[in-house]
4 protein chains.
Amino acid sequence: MDLIVVMKSGSAPDDLQRVADRIAELGFKPHISRGEFRTIVGAIGEYDPEARQQLEQLPGVDEVMAISQPYKLASREFHEADTIFDVKDVRIGGPNVNIIAGPCAIESREVLFDVGKAVKDAGASILRGGAFKPRTSPYAFSGMGKEGLELLREAGAALDMPTITEVMDPRDVSAVYEFADIFQIGARNMQNYNLLLEVGKTDKPVFIKRGIAASVTELLMSAEYVLSQGNHRVILCERGIRTFADETRFTLDVSAIPVIQERSHLPVFVDPSHAAGKRDLVPPLALAGIAAGAQGAIIEVHSCPDRALCDGPQAVLPKNFQKLMQQIRQLADLVGHRVSDPGRNTTNK
Amino acid sequence: MDLIVVMKSGSAPDDLQRVADRIAELGFKPHISRGEFRTIVGAIGEYDPEARQQLEQLPGVDEVMAISQPYKLASREFHEADTIFDVKDVRIGGPNVNIIAGPCAIESREVLFDVGKAVKDAGASILRGGAFKPRTSPYAFSGMGKEGLELLREAGAALDMPTITEVMDPRDVSAVYEFADIFQIGARNMQNYNLLLEVGKTDKPVFIKRGIAASVTELLMSAEYVLSQGNHRVILCERGIRTFADETRFTLDVSAIPVIQERSHLPVFVDPSHAAGKRDLVPPLALAGIAAGAQGAIIEVHSCPDRALCDGPQAVLPKNFQKLMQQIRQLADLVGHRVSDPGRNTTNK
Amino acid sequence: MDLIVVMKSGSAPDDLQRVADRIAELGFKPHISRGEFRTIVGAIGEYDPEARQQLEQLPGVDEVMAISQPYKLASREFHEADTIFDVKDVRIGGPNVNIIAGPCAIESREVLFDVGKAVKDAGASILRGGAFKPRTSPYAFSGMGKEGLELLREAGAALDMPTITEVMDPRDVSAVYEFADIFQIGARNMQNYNLLLEVGKTDKPVFIKRGIAASVTELLMSAEYVLSQGNHRVILCERGIRTFADETRFTLDVSAIPVIQERSHLPVFVDPSHAAGKRDLVPPLALAGIAAGAQGAIIEVHSCPDRALCDGPQAVLPKNFQKLMQQIRQLADLVGHRVSDPGRNTTNK
Amino acid sequence: MDLIVVMKSGSAPDDLQRVADRIAELGFKPHISRGEFRTIVGAIGEYDPEARQQLEQLPGVDEVMAISQPYKLASREFHEADTIFDVKDVRIGGPNVNIIAGPCAIESREVLFDVGKAVKDAGASILRGGAFKPRTSPYAFSGMGKEGLELLREAGAALDMPTITEVMDPRDVSAVYEFADIFQIGARNMQNYNLLLEVGKTDKPVFIKRGIAASVTELLMSAEYVLSQGNHRVILCERGIRTFADETRFTLDVSAIPVIQERSHLPVFVDPSHAAGKRDLVPPLALAGIAAGAQGAIIEVHSCPDRALCDGPQAVLPKNFQKLMQQIRQLADLVGHRVSDPGRNTTNK
């Protein structure tokens, strides 16, 4: 990380010397540049999050600016080409667009299999379903737990689809590892660092949702936690941020998609369901995300949403999902992407 | 506006009587409904913004909820079908998608005509250019004023394009009326009510940009100001809101597009340029807006943006605009819209 | 939880019947109230978070409004008087104002004891120090872990002060239980529900910081998680929310203090250090919080902040802390509170 | 304004030359500083808002950072001591704390005189009352206009208090000038630049409320508009910003008070009424603002708020205002300020 220390206009020579000394002590190389009114000191070296905070407190210092970003493994500078990887025979990243679909929570074998078959037929390539559900209320349905995981594995096998499910607790990582193909880290846990470290130690892909108040930089730092443990298969997901605009459940920050893609090589998905909070808004937001360049979407589908135990209002019906998939397919082509068709991966290469 | 007054659980009979009396005094009809624990009083009648505030202060009242929206003329309930109208031979609204393009500010005849020709050739149907520029700094270039208006009229005539330009001051309404075809109300002036009333009294269309902290309801209330004066040709524009996310200049609230369209019959455009603040992000945001159902976009184009006197970093180059127009045309079809082609309006009908 | 279901103006009688039936099926009592234009149905019964979501999807339903709050044990309705409890001989809550102070992270025995003595002498009643530090970067100093816990226990004993330290992982709850007197749940973990359940099962107080994008209701729901396990000693803390205003690290939402106190019986503290991010702003924000009625503050103090390994810029120096304590003492009196003086608790009763 | 241009790590020598040439062309002096990996170019000269935008578009440029702030006359660097001035015999700024009070809107002679007398007796030094009210709805009461101005002048004379009232339209500046002592610019008009220029041309003080989404820098730029016209008597006011937190009408950004005071010499007031939206919250927020160092507050008081035509729920009753004034007086002393007592100004000097 390179820093620029801007000295105050009337700072003393001693102040400058002290700054230069501290920079050297911190392991950076100081480069002093005297302007007419201001002196600035460049500090060049490895990333060190404490250095900036310490330098900005020294006498005579006006401001310390970071030139480069605090993440490394997640950055395009470190890894220029798009990260592309396979989960079973589904190829993720680069020009490939994958749609993850299924019910919000796993509630019963019947609903899971019904919805799973419907989304598979429509063209979804990955099956979702929550076994552990983070709920704002301690009195709400919080998932079927291990029994749900078993149903998910069974459904994935029957439908020949890789599966994704949320993990909320470091103590559940090994159980989820056993039953699902992709770990989902929910928005509330984006900065649950011990959880990120645990999934980072496994060899299964990690799908990280942006926290509702997280900056793009913080999202990439959370990816860095996983990458730093040696797990390079990370997917990022924009799912809406919290703003004053309360007409939707969250505000989908569609701009974040190209912004992340410019800075990072990791695949970026969009979650229109949680952003919208209302099924009528899911198709326009899904299309907006794909139009902005998202490499996939995660969409909640339910066959009987007014009986759903979680987030029914935002679940789309299977027939509407089918229509949406057709639009997504055409739209992906229009922006130079293509929707994955797991049966024909070899031709995708 | 219908209101529901929820009484506190232990409120006295006198409190209830007082509420019912005040409701009647305010010109509403009270409907009392006694629940087991709570009593609620419905108040049915015409919209009255003071009524709610007054009722919620009465003793024994827990909460007053408004069932219906405070706008009327702008609502779908009042006018179910999409508003569609012509400006010269350009049809706006309904399934028609119109692209407004041109430089941010009118800086010179040469740039205006160059850019105007380029965007016309690429398929833009309306020409933009600012003569009065609201600038955060009193020391910044604030537009050519009347000289700019004259250039804009001349360019519009030469290119056979209707023109749009911003008006910031009620005292300038008559001058802008004389020279341009559409009044633009900028985000900073969305709640400049006297200005809204002045343009509402004219017979030229008004293009209102959402304020950076305005709710959808407040935007529709600003439209209501114009509509209430008898001017029914109003276009609304989502241009990004201010949130914690500072990677882009503003956060494009793409969800607002379908939300407004559900509540109102007025056409909704998207402004990707101001939301992005950076030209590379303009195409993905423009496409996201059209994918979400926007009936048009307003895009800043400049032939020499690093010499622009205002907002150069967000101006796209003419050649990139041309490519974007091709994508917009296909995308509009995909979502059941079509890009306006002014020469063939009769077939659009 | 009582709900009001507002039917659409033209809804069919069948729709109404279906709503009433479903309300009954969900275990609520339906109360139909026919207005001139609108019919509304009250649903009275126990809290059920799924009910609202299910009802709002039924045909003919316009809106479902909740009259009461989703938390129960945390509410003033359930427990009218302020919660007051002792930790060792420190009385917390009600009119008592307690200042928690110490270094951000435990870095060395020397700094911890130095700072601890200084804050004790100035009038702080509880000692803070982080052994497990959540850091945005995986490369940053993340605390001394168990060694830090041991130092904290030792310092608390030597200074005769109860101690507080953050716990981030359910697997660390028993270790922290052993060494510290109060569990701190950081802002990033406010919705780490499994962690809340674990500390809820213990008999030590829990200090919950508001998440940077959490509503007051969500904060109270997190308290409800702890309370629901039988642990009634919960302290809430406003520590700044994330907004567009980036002149400070976070925006201290000082209004939240009286808002929470109106709704809940739990003590509310303020954290000026994290909100400010800069030591010069800590005194004005601390005073603002106490003036608004906070029952305590948590303040970072460091004897050598430009060498601190974490958040040095927001640490106040011991001499400035002493001056601040004097102001806090007078200010507490002015608003009808009093700063705890652990030696004389009997007279405080 | 001094700028730092950071070149990309692999930028070409030609790029550097082009940047240096453009800096010179823009009237700045370029200072090149070659680091090991990065080259940075300092640009020293007068403020020029276009320069930064133009430079950041040049090839090879990574980022352009501004070292200094874009305002000048409003800054502490330009004018180090606090601005202090008199309005009639009321001294504003520096250590003086002034309370502005009165009804939201002028509704009748009776209410205005009643409330005026009550707030004068309690210790308010300036009388407020709106004659032109910006209202979200075109159907709401929008003030008594000129008749209201006449009542305000009469009340001010009778009570021997200077008066403040809002002006919304450049065409009303001369009328308001005639009848009131201080111009109030509302939050919605903080960036109504023509209005700011008009009041800047007068010799009466201007009270500028921060826009609900304005940064501190933007607020100071609006002050700069007034100052640039030669009117040096400007008061700034924090009145709450719009955030996700909807438990209060707005989020009072209490941190902004010391932040503005650090950067600017202008007096800073707080408006607890609009931030709170609810009378019970007005005292804690007023105290929080004064505790944070505000040099005054503007508070809505109404003798019969449940009959008020505007914002009744946030008006405090006269008896509660009296109690609040007593607390404010003591609190001002505690933070080194003092509440103005117009009768004894000479001793204040």
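This is a predicted model: local features need pLDDT of at least 70, side-chain atom pairs count only at pLDDT 80 or more; totals for chains, interfaces and linings use all residues.
1. Extent of the interface of chain C and chain A. The size of an interface is often given as the accessible area lost when the parts come together. For chain C and chain A that area is about 4500 Å², of which 46% lies on carbon and sulfur atoms. On the side of chain C, the residues that lose the most area to chain A are Q57(C), Y139(C) and D306(C), which together account for 14% of what that side buries. Each chain is represented in the contact by 51 residues, 51 from chain C and 51 from chain A.

2. Polar and charged pairing between chain C and chain A. The rule finds 10 salt bridges across this interface. One of the salt bridges joins R242(C) to E218(A), with 2.7 Å between the closest N and O atoms. Polar contacts across the interface of chain C and chain A number 32 residue pairs, with both residues at pLDDT 80 or more.

3. Make-up of the side of chain C that touches chain A. Two or more residues come from each of α1 (13-25), α2 (49-55), α6 (193-200) and α7 (216-227) of chain C. By class, the residues of this side comprise 22 nonpolar, 12 polar and 17 charged.

4. Extent of the interface of chain B and chain A. Here 36 residues of chain B and 36 residues of chain A take part in the contact. Chain B and chain A together bury about 2700 Å², and carbon and sulfur atoms carry 70% of it.

5. Polar and charged pairing between chain B and chain A. The count of salt bridges is 2. A salt bridge links the side chains of E262(B) and K278(A), at 3.3 Å from N to O. The rule also finds 6 residue pairs in polar contact across the interface of chain B and chain A, both residues being at pLDDT 80 or more.

6. Make-up of the side of chain B that touches chain A. At least two residues each are supplied by α7 (216-227), α8 (256-263), α10 (282-291) and α11 (318-334) of chain B. The element that gives the most is α10(B), with 5 residues. This side of chain B divides into 21 nonpolar, 8 polar and 7 charged residues.

7. Relation of chain B to chain A. Chain B is superposed on chain A by a rotation of 180° with 0.0 Å of shift along the axis, at an RMSD of 0.0 Å. The relation is therefore that of a two-fold axis. Both copies use the same surface, since 100% of the contact residues of chain B recur in chain A. The residue of chain B that comes closest to the rotation axis is A288(B), whose C-alpha lies at 2.0 Å.

8. Setting of F250(A). This residue is placed in the loop between β12 (234-238) and α8 (256-263) of chain A. F250(A) counts as buried because its relative accessibility is 8%, which falls under the 20% cut-off. Leaving aside residues up to four places away in sequence, F250(A) touches I212(A), R239(A), G240(A), I241(A), R242(A), H274(A) and A275(A). From C-alpha to C-alpha, F250(A) and A276(A) are 6.5 Å apart in space, with a separation of 26 residues in sequence.

Terms used:
Residues are numbered from 1 along each chain as its sequence is written. Chains are lettered from A and ligands numbered from 1 in the order in which they are written. Side-chain values use heavy atoms; hydrogens and water are left out. Contact means heavy atoms within 4.5 Å. Buried area is the accessible area (1.4 Å probe) that two parts lose on being put together, summed over both. A salt bridge is a side-chain nitrogen of Lys or Arg within 4 Å of a carboxyl oxygen of Asp or Glu. A polar contact is a pair of N or O atoms within 3.5 Å; within protein, one must be able to donate a hydrogen and the other to accept it, and residues adjacent in sequence count only if both atoms are side-chain atoms. Helices (H or I, at least four residues) and strands (E, at least two) are DSSP runs, numbered from the N terminus. Ala, Val, Leu, Ile, Met, Phe, Trp, Tyr, Cys and Pro count as nonpolar, Asp, Glu, Lys and Arg as charged, and the others, Gly among them, as polar. Copies are superposed by least squares on the C-alpha atoms of residues with pLDDT of at least 70 in both. Buried means under 20% relative accessible area, exposed over 50%, partly exposed in between (1.4 Å probe, protein chains only).
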